[in-house]
Structure formats: structure tokens, C-alpha cells
Amino acid sequence: MQSVMKSVLPVGIVGYGAYIPRYRIKATEIANLWRGEQAGNQLPVKQKSVPGPDEDTITMSIEAAQNALKRAEIDPRLIRAVWIGSESHPYAVKPSGTVVAQALGITPATTGGDFEFACKAGTEAMQAAFGIVGSGMAGYALAIGMDTAQGRPGDALEYTAAAGGAAFIMGPAENALAVLEGSFSYVTDTPDFFRRNYQKYPEHGNRFTGDPAYFHHIRSAATTIMEQLYLKPEDFSHVVFHQPNKKFPVKIARELGFSEAQYSTGLLSTEIGNTYAGSSILGLTAILDGAKAGDRILLVSFGSGAGSDAFCFKLTERITDVRDKTLKTADYVQRSAFVNYSMYARLRAKIRKS
Amino acid sequence: MDIPRYWRLKNQRYHLEGSVCQNCGHQSFPSRPLCPQCKSKDLKSVRFNGKGIVYSYTILYQTSERYEGYVPYVVALIDLEDGPRITAQLTDVDLNQVKIGMPVEMVIRKYFEEGETGPIVYGYKFRPVFSKQDLTEPPIK
């Protein structure tokens, strides 16, 4: 029986924040190095974000969470969970959440753990955060999806593997800017993309990542949640899907019956690339920056391995009160300093010195 | 490895925690056990707000191995809005963008990794104030 998930207590998002580093590399700059005369062929995105030399999942999570706290307007010590989803945690053993919780003044009465589920690690943390608040165990919980994704030089993923993400503070529905109407998660054993221990770059199944992986899981999660909540595509003001490129999210949006007006606000991949665990949820922050009370939003992530988390949100009046309290996603998207491939190789530690 | 020291300094590095003398009001960063001005031992911890302006700066080209990844980079003397003059690395800035009087704000960034196996050390750095976008030049005071 596939039924939608609902919490015991009504819950929602009380604060949200984005972060994208300032550096960018154009896809043509990468193509010129590897593709020779075929460099002009279709590229998956226009450009992608690149982390600075002193940035990682921990530092970027701190800034996104600081933005979320400014909008949540709560004492950070009320937060009882700091859960960060990423495939690029700086430590193999020592949770990123420990540093983030300390830096935000959330410590010590909190849980802190790392989530890992490829590109849906962030929404996995969100599901758990809604659960701990919705059960009454915690007043507030912080869920973050953040990545500094790596693509093997010359590989298709090098054009899109980017850096950035978003943070969400979950809390009671009466304080929420977006109330959770329901969620649904769909997971199978589908090895479309993975990274083994001690490997720097992931492996992927090329076209296999499409139909059996991305499209099947998103389609299944999206159709189930809509059926279970008795909603149709036209009931949503905005929709956002995981965006590994531009083509995939546009294709699934159209297949499910959504229009460009519904999917365009949350589609950021052409400008910043695929921020992995941050990808679909950065799109959600871009939507929240512009949407209005009463708007309904569908968010469906995808993580290789594989699975999708689907969430249905309805916005409250509080969105207009808090969205201007800090930087918006568009501010980070527009802030851009372009680097050439040499500087990119240096920033991404692709140059071996020993 | 210097783990006890990193642990002890976390409030200084994450929260810009210094001290203020309860006798004469002198502010210190890092915090001190004894007021350098009036020698009072009655000091209280205070967290500065992380906003300031560049008093002066220098560009580093030769540095220790830990900081090689940032070369060339800027270290600035920063007059804090609500505190003393401190020294910090600037980040997210082009060398030709740095000016005396430039408004800056604190961010938490990586300092260094202690070799291949040691801890990763984080703390305050400063960047040009990112009020909207840094598409426009920050105002010069």
C-alpha cells in the first residue's frame, strides 16, 4: 500500500536559506579542453558554480543555515536536530553537523548526523526533520542539503557537478511560512550512479541514469503524492524537480502535465549546474523568494541509488514577512566570478603536487 | 596535532569572541585574562558582530605549506564596527578589488587541513559586504 506520509502534529518550514559560491566556469570552457572541434555540440548547462579554495560542505552549510535562522526568527538553541545531506562531507568520520551546530549556537542540546543519498541526501534529511518535529520530539529541526560535487576530468558529469545548497528549519505549522500537506518517498535498488570507498570520482551508467533511474523514481513519487492528496498539476503554482541538467527536469515536468510557468522559477541548473544534494531544494528557495500566500508547491528530488522524495507545501502569509530578511537565491546566482579551466583545476584540487 | 588548541579556540574562531574590561571598557580580540590598558582582571567575554572596514592590508605571495592553496591572498587589518582592530584573511575578493576603507563582513571558512589525516580547521575570515550582489563596487568610506 503506497500511502502519503503525514506527521502527527502539523508541521512546516519556518525558515529557509540558500548558498552558492561566487565562482563559475562556463561549459564551453570545459568543452574546449576535451572536445576539440566538437566543443560546440549541445552542452547540458550554460555554466556551473565552483567552490572557493576555503569552501566545503561545512562552510557553505553554515552560511545557508545562518540565512534560514534569520528568516525563522527563533533562538537557535530551540533547534534539536542538525542533519546535513551531502555526498561531499569533508570528514569520513565526524559529522558536518557538529561544526555547523557549534557555529550557529545550536549546541549542545541537539542531535547531529550526516545523511548520504547522492542527490537526494538533502531531502532525506528534510523528511527526517519533518518527522522529528511532527512527532513532537523536537520543537525545531534543521535540515541541509549541500555539496561540492566532483566530476572526473573529461567525463560528462564535469560539465555539471557544482557546489551549493540550501538549509531549512522545520517547526510547528502555526509558525510556518510553508505548511507540509504531505510527503512521499520512493526507493529501489537501482545502481545508476555510485562512488566506492576511497574513490575520488563517482561512476555512472550513462543513459541508464535516465529512464530506469531519474524518470521512473520521480514519476512514481510525483504521481503517487498527487493521487493521494487528490491534487492535479493545475493545483500547483510551482513545481521543482532534481535538476542534473536542463533537459531532464523539463522533460519530466511536461510529461506530468506541468507548464513552463510552473517549472521555470525553480529551474536553476543552466546558471549554476547540478548542486547534487542542493539541487532541487535550491530551486525551492528560489520559488519561496517570489511566491505568495496560498501558493501550492510540489518538490520532487532524485538521488541515484536510487530514490525520490516528494513534498507538497502550501504557503502562508508569513512568507512575505520573512523573505526579505536576508539574501535571496537570485543574489547568489547573480554573484559570479568566472574562472578558466586552469584556475578551476586548482580550486578543485585536480592538480597533483606529489 | 594541535587538537586541544583548536577546540579551545572555537568560540573565538566561530563567534569572534573577545573580551571587554569591566573597569575601563577596553576591548580585546582575542580575549585576554588581564586588561592591557588598566591591568584589571575583571574581564567579560563578548561576541563582536563581524562587521568592519579595512584599515590596511597586505598581499601574501610566500607562505607556509598550509596556506599555499590561497596564494596570492590578502591579510587585512580590520576595524570592527563594535570592537577593536583585528587581523584576518580576506576571501571571495579579487586582489585589485581590495581598498582601504572597504566595508567587510565575517564569514566562516576553512583555514587549513592538518596534512592528509589531521583535523580540518575552520574560523573567521572577511569578505566584501555582500548586501545585494557584489556586481556593484562596495561604497568607499
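Among the contacts in chain B between residues at least 6 apart in sequence, what percentage joins residues at least 24 apart?

Reply: The model is predicted, and everything below should be read as a description of that prediction. In chain B, 48% of the contacts between residues at least 6 apart in sequence join residues at least 24 apart. To see what surrounds this number, take the elements of chain B in turn. Its secondary structure comes to two helices and eight strands.

Three of the strands of chain B form an open sheet in the order β2-β1-β3, with antiparallel pairing. Strands β2 (27-28) and β3 (43-47) of chain B are at the edges and have a single partner strand each, so each has one side without a neighbour in the sheet. Strand β1 (residues 17-21) of chain B pairs with β3(B) in the antiparallel sense, over five bridges. One pairing can be found by residue: B:Cys21 has B:Leu43, in β3(B), as its bridge partner.

As for the chain as a whole, the C-alpha atoms of chain B fill a box of roughly 45 × 45 × 25 Å along the principal axes. Of its 141 residues, 28% are buried.

Chain A has twelve helices and 14 strands. Its radius of gyration is 19 Å, close to the 20 Å that the globule rule gives for 354 residues, so chain A is as compact as a globular protein of that length. The C-alpha atoms of chain A fill a box of roughly 55 × 45 × 35 Å, and 55% of the 354 residues count as buried.

Chain A also has an open sheet, here of nine strands with mixed pairing, in the order β5-β4-β6-β7-β1-β8-β13-β12-β11. Its edge strands are β5 (111-115) and β11 (238-241) of chain A, each of which pairs on one side only. On average, neighbouring strands of this sheet are turned by 20 degrees against each other, direction ignored. Inside the order, β1 (residues 11-19) and β8 (residues 178-190) of chain A pair in the antiparallel sense over two bridges. Here A:Gly12 stands opposite A:Val179 in β8(A). Helix α3 (residues 96-104) of chain A packs on the sheet and touches β4 (79-85) and β5 of chain A. The direction of α3 makes about 135 degrees with that of β4(A).

The domain assignment of chain A gives domain 1 (11-177) and domain 2 (179-195 + 203-321). The C-alpha centres of these two domains of chain A lie 16 Å apart. In all, 39 residues of domain 1 of chain A are in contact with 40 residues of domain 2 of chain A. On the domain 1 side of this contact, β1, β3 (47-50), α4 (121-134), β6 (140-148) and β7 (163-172) of chain A each supply at least two residues. Helix α4(A) gives the largest share of that side, six residues. By class, that side of domain 1 of chain A has 21 nonpolar, twelve polar and six charged residues.

Note on methods:
Residues are numbered from 1 along each chain as its sequence is written. Chains are lettered from A and ligands numbered from 1 in the order in which they are written. This is a predicted model: local features need pLDDT of at least 70, side-chain atom pairs count only at pLDDT 80 or more; totals for chains, interfaces and linings use all residues. Two strands pair if DSSP finds at least two bridges between them. Helices (H or I, at least four residues) and strands (E, at least two) are DSSP runs, numbered from the N terminus. Axes are lines fitted to C-alpha atoms, for helices over the stretch in contact, and angles run from 0 to 180 degrees between N-to-C directions. Two residues are in contact if their C-beta atoms, placed from the backbone, lie within 7 Å. The radius of gyration is taken over C-alpha atoms; the globule rule is 2.2 Å times the number of residues to the power 0.38. A residue is buried if 20 or more other C-beta atoms lie within 10 Å of its own, exposed if 12 or fewer, and partly exposed in between; C-beta atoms are placed from the backbone. Domain bounds come from an automatic or database domain assignment. Ala, Val, Leu, Ile, Met, Phe, Trp, Tyr, Cys and Pro count as nonpolar, Asp, Glu, Lys and Arg as charged, and the others, Gly among them, as polar.
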